[in-house]
Amino acid sequence: MFRLFLNEMIRLLRFIFWLAATGILLGGVAALLVADHFGRGLPAYGWLATYEPPVATRVHAGDGRLLAEFAIEHRLFVPVEAIPKRVVDAFLAAEDKTFYDHAGLDPAGLFRAVYTFARSRISPSARRPVGGSTITQQVAKNFLLSAEVSVERKVREAILAFRLEKALPKDAILELYLNQIYLGRASYGVAAAALNYFDRSLDELTVAEAAFLAALPKAPNNYHPVRRRAQAIGRRDWVIGRMLEDGRISPVEAGEARAAPLEVRSRDATELFRADWFAEEVRRELMEVFGQEKLYTGGLSVRTTIDPELQRIGERALRMGLQTYDRRHGWRGPLARLDGDDPAAALGSASAPPGLSPYRVAAVTGVSADAAAILLKDGSTGRVPLEEARWARPPLRDQRVGAAPERMDEVLKAGDLIAVEPAGSGPDGVWALRQIPDIEGALIAMDPHTGHVLAMVGGYDPERSEFNRATQAMRQPGSAFKPFVYLAALQEGYTPATLLADMPIVIDQGAGLGLWRPRNYAGSFHGIVPMRIGVEKSRNLMTVRLAQAVGMNEVAAVADRFGIQEEMPEVLSMSLGAGETTLSRMTAAYAMLANGGRRIAPTMIDRVQDRHGRTVFRHERRICEGCNALEELGPRVPYPPDPRERIADPQSVYQVVSMLEGVVLRGTGRRLRAVGKPLAGKTGTTSDYVDAWFVGFAPDLVVGVYVGFDRPRTLGHAETGSSVAAPVFGAFMREALDRTPAAPFRIPPGMSFLRVGRTSGRPAGPGEADIILEAFKPGTEPRPEGPGRLPAGSREGISGIY
């Protein structure tokens with residue numbers, strides 16, 4: 001009986017074995033058929049081995065602060081070996097704790113996903129299908145497949161994950177994942193998320209912060225740290241629990257992490273710097289050199305030339321100059337009129353106009369003869385006394401103004417929406433009436449030796465207009481062009497003491513063009529005076545005569561060499577600055593005067609590195625042999641060769657610099673003497689006072705200022721470069737050079753200096769008072785030689801001459 005039972009059991013076991021073997025065989029065949037069916041047409045994945053994710057191009061100021069980012073996806077690529085272990089542990093605990101053990105698939109997770117999907121198809125009230133995907137599967141989905149929710153996609157994802165595991169090492173797969181995932185707040189990858197959520201680099205993240213980031217991949221918007229704070233903290237704590245359960249952190253660390261508040265921090269203002277016009281110019285240049293794809297996805301690291309301190313000085317100087325000019329020309333009225341009987345409600349709904357900052361919006365609630373009562377948006381109240389609105393005269397035609405107001409109700413009415421700022425002196429609650437200027441302008445500062453753009457202000461406020469008046473506005477420079485006429489003459493043998501006629505002149509312009517009668521600004525004449533007077537006093541008639549004598553072909557050649565204007569028409573009106581150019585070009589031309597006649601080009605980009613740290617562009621092209629071997633050189637300092645092209649005779653250039661220094665000391669720019677440092681420069685004013693310029697320099701800093709309306713019209717009678725643009729230049733230089741010791745302009749070798757009469761140009765005689773120390777090329781000094789002549793290269797006693 002027992003034997004019979006045993007035989008039956010053996011036959012049953014054999015049947016079960018063969019049944020299981022058949023099932024396994026059929027299952028394997030079925031799996032192969034499924035794999036063959038779904039594996040057909042799968043996307044290629046070999047390229048992932050060399051994949052470089054789209055990375056933002058980051059632009060930095062000269063001091064390292066972030067200036068701008070250009071990207072389609074804001075991502076910072078970090079190699080997996082540089083990602084801290086706590087960050088990796090947090091994501092593995094949250095997303096795939098067996099990542100380093102499986103072959104691409106997690107059977108338990110896959111079964112759970114299939115089961116949930118089946119329930120969702122049977123019962124509409126069942127849970128939404130869950131992922132159950134390993135990190136490898138997520139990489140396959142994110143890079144190679146769509147986000148479609150279906151069994152077919154899941155199977156294709158599993159096949160790809162299995163193949164990826166065979167093709168790529170685990171660390172490479174993890175690197176792809178951590179740099180590709182979207183984590184909310186425009187953050188792609190963990191490094192960008194760390195900065196955007198916590199203003200930290202990855203190695204500065206705490207366990208709690210790393211856990212929060214690891215909680216986000218499934219649905220960043222569901223765990224928003226502000227709008228859905230409770231859910232965000234709950235999800236973060238769940239990740240902390242998983243880290244503790246997996247042994248990745250200790251119970252003490254877990255407790256501290258759970259107790260930590262969830263604080264989102266904006267980027268530190270000390271690490272960010274805003275200069276919109278400059279950044280846009282950099283973007284355009286990068287686009288031109290590297291192309292759109294490289295710019296927005298190539299992960300370039302760009303070091304620019306901008307000096308944040310000088311940029312802020314420039315912004316302040318230009319804004320104050322434009323505001324001052326604007327107040328000289330009257331009150332254009334309130335920002336708006338408020339409707340209704342509730343000024344607080346109307347004020348609360350009123351939007352601030354572009355360019356309002358640093359002013360504040362206020363509603364006028366009452367007006368008396370000597371003051372206006374105002375209400376501000378924060379609910380506080382104040383008053384604007386008449387003394388703080390005396391400037392608000394009625395505007396008249398051509399920028400003229402009427403009489404100053406005698407009563408406040410001549411200026412304001414209850415219900416007016418106005419701009420105000422705290423009064424400069426007086427008790428709290430006293431405000432000054434202000435308005436947003438309608439005048440525009442630009443300022444640019446450069447290093448004259450390198451062409452580095454140190455500051456660029458393209459207008460009053462970028463919120464009001466993105467048009468960059470420093471680089472895009474083509475305007476006539478007026479008298480600011482004259483130094484290049486005089487340079488052409490000096491290179492033809494003239495000297496600063498050459499006598500010219502400052503007298504009326506009539507020029508026949510040719511057939512059908514009529515006669516041209518140029519005139520000086522004030523309509524006066526100086527007679528026969530040295531050429532220097534023509535520069536210092538900006539004499540139009542002397543300049544036209546000189547251009548006629550030298551030849552406009554020579555003047556046009558100088559304008560071309562200095563980059564002011566190509567193919568300048570060879571007509572005499574061009575000698576007075578009638579040709580259009582930009583402030584950037586004009587400032588670069590003056591920079592080439594300041595550096596002794598060497599060619600430079602304005603540049604905003606110092607160096608560009610690719611995502612791997614290789615330098616792909618460098619502005620500095622000099623090669624300095626031995627600069628890295630100072631130990632061997634001893635006290636000798638190596639000097640790299642100067643590759644800059646010489647475009648003008650340095651002695652002629654210095655003579656122009658000396659005359660431009662005279663503009664500041666005695667001429668149209670004499671108000672700039674108050675800066676207290678050696679300066680040189682030239683005013684520029686166009687016909688009908690339409691454009692006002694001042695371009696000038698210290699030995700190592702050149703600055704150009706332009707002021708005018710976007711739609712050209714007069715600035716008003718007597719609003720010249722001296723009264724409008726020069727104060728902006730002076731305000732900038734006063735602050736920029738405040739901590740810089742005074743230094744004289746560099747004198748090229750071989751110059752000769754002679755005491756001459758300022759208005760005669762002849763060697764100074766005994767007891768003569770109005771004398772200057774003039775610069776001459778050797779052999780060109782006026783004769784006879786007098787006791788005032790100094791040896792070549794000497795400038796002894798110069799401080800007592802001026």
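The exercises below concern a cavity, a pocket and a helix in a predicted model.

**Exercise 1.** Determine how many cavities of 30 Å³ or more the whole structure holds, and describe the lining of the largest cavity by class.

*Solution.* A search of the whole structure gives one cavity of 30 Å³ or more, and the volume of the largest cavity is about 30 Å³. Its lining consists of Phe481, Ile564, Gln565, Met568, Met574, Gly577, Gly579, Glu580 and Thr581. Sorting these residues by class, with Gly counted as polar, gives four nonpolar, four polar and one charged residues for the lining of the largest cavity.

**Exercise 2.** Characterise the second largest pocket by its volume, by the residues closest to its centre and by the element that supplies the largest share of its lining.

*Solution.* The second largest pocket has a volume of about 950 Å³. Among the 35 residues of its lining, Ser479, Asn520, Tyr521, Asn540 and Thr685 are the closest to the centre. Turning to the elements, strand 18 (680–685) and helix 22 (721–736) each contribute at least two lining residues, and strand 18 provides the largest share, with four residues. By class, the lining of this second largest pocket comprises seven nonpolar, 19 polar and nine charged residues.

**Exercise 3.** Explain why helix 4 (residues 135–144) is described as largely enclosed by the rest of the structure.

*Solution.* The criterion for a buried residue is a relative accessible area under 20%. In helix 4, the residues that count as buried are Ile135, Thr136, Gln137, Gln138, Val139, Ala140, Phe143 and Leu144. Because eight of the 10 residues of helix 4 are buried, this helix is largely enclosed by the rest of the structure.

Conventions:
Residues are numbered from 1 along each chain as its sequence is written. This is a predicted model: local features need pLDDT of at least 70, side-chain atom pairs count only at pLDDT 80 or more; totals for chains, interfaces and linings use all residues. Side-chain values use heavy atoms; hydrogens and water are left out. On a 1 Å grid over the protein atoms alone, a cavity is a set of points where a 1.4 Å probe fits but cannot get out, and a pocket is an open set with protein on both sides within 12 Å along at least five of seven lines; lining residues have an atom within 4 Å of a point. Grid points are joined across faces, edges and corners, and a volume is the space filled by probe spheres set on the points. Buried means under 20% relative accessible area, exposed over 50%, partly exposed in between (1.4 Å probe, protein chains only).
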